[in-house]
Amino acid sequence: MSQSIEVLNLRTQRDFQYVLKMETQMKGLKAKFRQIEDDRKTLMTKHFQELKEKMDELLPLIPVLEQYKTDAKLITQFKEEIRNLSAVLTGIQEEIGAYDYEELHQRVLSLETRLRDCMKKLTCGKLMKITGPITVKTSGTRFGAWMTDPLASEKNNRVWYMDSYTNNKIVREYKSIADFVSGAESRTYNLPFKWAGTNHVVYNGSLYFNKYQSNIIIKYSFDMGRVLAQRSLEYAGFHNVYPYTWGGFSDIDLMADEIGLWAVYATNQNAGNIVISQLNQDTLEVTKSWSTGYPKRSAGESFMICGTLYVTNSHLTGAKVYYSYSTKTSTYEYTDIPFHNQYFHISMLDYNARDRALYAWNNGHQVLFNVTLFHIIKTEDDT
């Protein structure tokens, strides 16, 4: 646009100079014509007629001259507006750093990669604080479970929803938290067995749950739509023999953390106290177990973070994380980490390592708690 106006400006200025020159000649002729008219008696008629004809030829140039003057003013305004616009564009360009969209996008991706690399330097942490909750949705009965897959890719944000603690086989799937909130269900799974309790977990694309009225653990693949494995958890109490304080067949609690898949339960051999077992995610075999001294029936709920089991002292108002057991050191300690039981009755509380948050079912409300962990930063010298 600037180039076009510049060309027009040059051409206009050239013509304008020509017209100005003609204007001067016209004024001179006009003066001479007056003189000739005053003294026409002394001039020959032929000369008079020639001058008259030249004057007639020049008269149409007067409105052209006026138009050029107007166009020149308009072009001057255009040039001023372009200068202003150029200044604005220059300011915007300086503000965004002279990067186009693609370059900015690549810079954002690079920053995200660096942040992820930084997060990888954080070793498993110790629970220091629980904040929240954030109420995501209100739905279902008093008891149930909802979860996402901690091993899913960043683009996979599916949510699974399992209402009630017994007499149900229906798992509802949602493509995202937003769809879950709006109720836009994407798929329904009809499990081959009813589940017991609310302590299920989705891990690496499969659902792990306790088969109703048994100590059998089931691995069900969502993608294949079938059971991939099932195994009895030896000596584990079931069907309200060693539940959490709220009951609901919550004898066997399946969970996952940064280390892998776990089962938390109680046995007669351990006097009804909590046993922690690490499971092979494919075969469901117990790879190692730890026997604690905490009575399972006195625990409100429990969850694993970085190989440490955290146990709450109640499912009701005033509950806190009261006890922890480290499988790394085979030691325990009593803790005092409060959290806000907003709706007075928690029947499911599970840690998600990808989100670094606690998923909870709180009296028919699906809520999230944020956790604060104490981390040790890895250095290049660490092995």
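Below is a walk through some strands and then the nonpolar cores. Keep in mind that this is a predicted model.

Let's begin with a sheet. β14, β15, β16 and β17 line up in that order as an open, antiparallel sheet of four strands. The edges belong to β14 (302-305) and β17 (331-338); each has a single partner strand, so one side of each is left without a neighbour in the sheet. On average, neighbouring strands here are turned by 25° against each other, ignoring direction. Zoom in on β16, residues 320-326, and you'll find six bridges joining this strand to β17.

Next, a hairpin. β12 (residues 273-279) runs antiparallel to β13 (residues 286-295), and the two pair over six bridges. Across this pair, Ile276 has Trp290 of β13 as its bridge partner. Six residues sit between the two strands of the hairpin, where Leu284 takes a positive phi near 70°.

Now for the greasy parts. Which residues touch the most other members of the largest nonpolar core? They're Trp146, Val171, Leu207 and Phe222, out of 23 residues in that core. Elements giving two or more residues to this core include β2 (144-147), β4 (170-174) and β19 (357-362), but the largest share, four residues, comes from β3.

Definitions and conventions. Residues are numbered from 1 along each chain as its sequence is written. This is a predicted model: local features need pLDDT of at least 70, side-chain atom pairs count only at pLDDT 80 or more; totals for chains, interfaces and linings use all residues. Side-chain values use heavy atoms; hydrogens and water are left out. Two strands pair if DSSP finds at least two bridges between them. Axes are lines fitted to C-alpha atoms, for helices over the stretch in contact, and angles run from 0 to 180 degrees between N-to-C directions. A nonpolar core is a set of buried Ala, Val, Leu, Ile, Met, Phe, Trp, Tyr and Cys residues joined through side-chain atoms within 4.5 Å. Buried means under 20% relative accessible area, exposed over 50%, partly exposed in between (1.4 Å probe, protein chains only).
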